[in-house]
Amino acid sequence: AKSGPSAVTNTMGAYACQRKTPLEHHNAVLTDALLLLAENADFCTNEGRSVAFKRAASVLKALPGPVRRMEELQGLPCLGEHCQRVIKEILEHGASSEVEMTRHSEHYQAMKALTGIFGVGVKTAEQWHRAGIRHPADLVSSEHKLNRAQRAGVEYYEHLRVPVTKAEADRIGEIVKRAVDAVLLGAEITLTGGFRRGKQTGHDVDFLITHPDEGREEGLLPKVVSWLEARDLLLYQKTNKNSYLEAKEWPARPPSNMDRFERCFSIFKLQRPWAALEEPPQSGERGAAETPGWKAVRVDLVVTPVSQFAFALLGWTGSQLFERDLRRWAGQKGMSLSSHALYDCEQKRYLRATSEEEIFAHLGLEYIPPGERNA
Ligand code: 8DG
Ligand code: MN
Ligand code: MN
């Protein structure tokens with residue numbers, strides 16, 4: 001407890017799940033820069049480098065105040081040489097030449113636009129980029145084959161670029177609740193993802209669906225989807241069946257962030273009853289015809305048996321870095337964590353839990369509430 005001024009920072013854990021990371025923090029200029037480099041590393045299929053930048057940004061998000069001098073970083077985890085060079089340049093000159101060069105590079109901009117299309121990953125974007133495609137609009141006239149998801153992604157590109165608000169997420173929650181109630185009495189829905197962490201906007205809306213009687217939830221999604229489709233509420237959907245078999249998952253299968261729940265990746269057609277109240281079109285600028293009375297919104301629906309609910313909730317609340325570090329932490333403790341279960345490799349048994357708190361306790365971690373998992 002008694003040590004120099006910089007020692008305050010020495011106590012920060014190296015795993016994101018060991019620290020509290022609020023949504024609002026004090027180092028956005030630095031984290032924006034590092035996260036842009038992380039994004040660019042992803043675009044260059046350099047995952048290791050990307051994660052390193054994300055970890056560094058995450059550490060800065062957890063600091064109690066703005067970084068002003070390099071000495072304040074002493075003893076902090078996850079800040080490698082490269083990150084420190086970037087931070088130093090920003091502190092001294094207000095910007096990093098590497099970050100600015102990357103931001104304006106043709107490759108970065110094209111990859112950002114192309115991976116911004118729903119259904120398009122880095123590999124596909126890179127292939128298209130090599131073929132001279134720079135923007136979603138280039139795909140409309142090109143002979144490049146698009147799958148069903150990508151066609152929807154291109155069609156609703158401008159809609160899906162606009163962040164989803166909390167109000168829209170709540171409205172969609174009401175619709176999903178009605179659909180679920182109509183097809184299975186007693187089923188429950190929970191808002192997860194970024195909105196559960198307190199974000200006011202997101203790129204999509206994530207819901208978990210369960211039923212207090214184990215097994216009743218099986219095969220629920222196709223019925224929910226039919227209910228929504230009958231009311232013209234879906235622009236796109238792809239539903240996958242549950243493929244999880246506890247007995248077969250470990251130790252054969254390594255833990256991964258892709259789970260095996262019954263799930264639906266969809267695009268909702270959200271009517272805008274409040275469209276008239278929002279920014280009325282300037283006279284002579286935008287005609288009413290250009291402002292449709294609906295908005296396309298990405299929605300993920302995931303169905304979980306109630307016995308796995310706590311694990312699914314923990315796994316789907318994010319952030320992605322928080323999840324990654326939870327799994328890494330578990331591994332280092334001789335356990336294996338997924339969105340389905342926690343397995344103790346030494347005791348060779350599953351550790352049950354009915355709440356997130358219990359899972360943190362099994363892992364020997366202090367409980368971190370959703371609002372502080374914004375790593
Ligand atoms: P945003 O939408 O507000 O931009 O952010 P987010 O809500 O944090 O991100 P997300 O991409 O919607 O993902 C939410 C969480 O769900 C995140 O922690 C990762 C997790 N997730 C997926 N796909 C899968 C999956 O297939 N299995 C599991 N278990 N989790 C997944 O995105
Ligand atoms: Mn989300
Ligand atoms: Mn999602």
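Residues are numbered from 1 along each chain as its sequence is written, while chains are lettered from A and ligands numbered from 1 in the order in which they are written. In this predicted model local features need pLDDT of at least 70 and side-chain atom pairs count only at pLDDT 80 or more, whereas totals for chains, interfaces and linings use all residues.

Me: Why are H1 and H2 called roughly antiparallel to each other?
Reply: Their axes cross at roughly 165 degrees and come within 8 Å. Axes are lines fitted to C-alpha atoms, for helices over the stretch in contact, and angles run from 0 to 180 degrees between N-to-C directions. Angles under 35 degrees count as roughly parallel, over 145 as roughly antiparallel, 65 to 115 as roughly perpendicular and the rest as oblique. H1 and H2 are therefore roughly antiparallel.

Me: What makes the contact of H1 with H2?
Reply: On H1 the residues are Leu30, Thr31, Leu34, Leu35, Leu37, Ala38, Ala41 and Asp42, and they meet Arg49, Ser50, Phe53, Lys54, Ala56, Ala57, Leu60 and Lys61 of H2. Two residues are in contact if their C-beta atoms, placed from the backbone, lie within 7 Å. By class there are ten nonpolar, two polar and four charged residues. Ala, Val, Leu, Ile, Met, Phe, Trp, Tyr, Cys and Pro count as nonpolar, Asp, Glu, Lys and Arg as charged, and the others, Gly among them, as polar.

Me: Why are H1 and H4 oblique to each other?
Reply: Helix H1 (residues 28-43) and helix H4 (residues 97-104) pack at an angle of about 50 degrees, with axes 10 Å apart. H1 and H4 are therefore oblique. The contact is made by Ala33, Leu36, Leu37 and Asn40 of H1 with Val99, Thr102 and Arg103 of H4.

Me: Why is H5 oblique to H6?
Reply: The axes of helix H5 (residues 106-115) and helix H6 (residues 122-130) cross at roughly 125 degrees and come within 9 Å. That makes H5 oblique to H6. His107, Ala110, Met111, Leu114 and Thr115 in H5 meet Val122, Ala125, Trp128 and His129 in H6. This contact has six nonpolar, three polar and no charged residues.

Me: Which residues surrounding ligand 1 are the closest?
Reply: Gly193, Gly194, Gly202, Gly318 and Ser339 are the closest of the 17 residues that surround ligand 1. A residue is near a molecule or strand if its C-beta atom, placed from the backbone, lies within 6 Å of it. The shell around ligand 1 divides into two nonpolar, ten polar and five charged residues.

Me: Where is the cis peptide bond with omega of about -5 degrees?
Reply: That cis bond joins glycine 318 and serine 319. Serine 319 lies in the loop between H14 and H15.

Notes
Helices (H or I, at least four residues) and strands (E, at least two) are DSSP runs, numbered from the N terminus.
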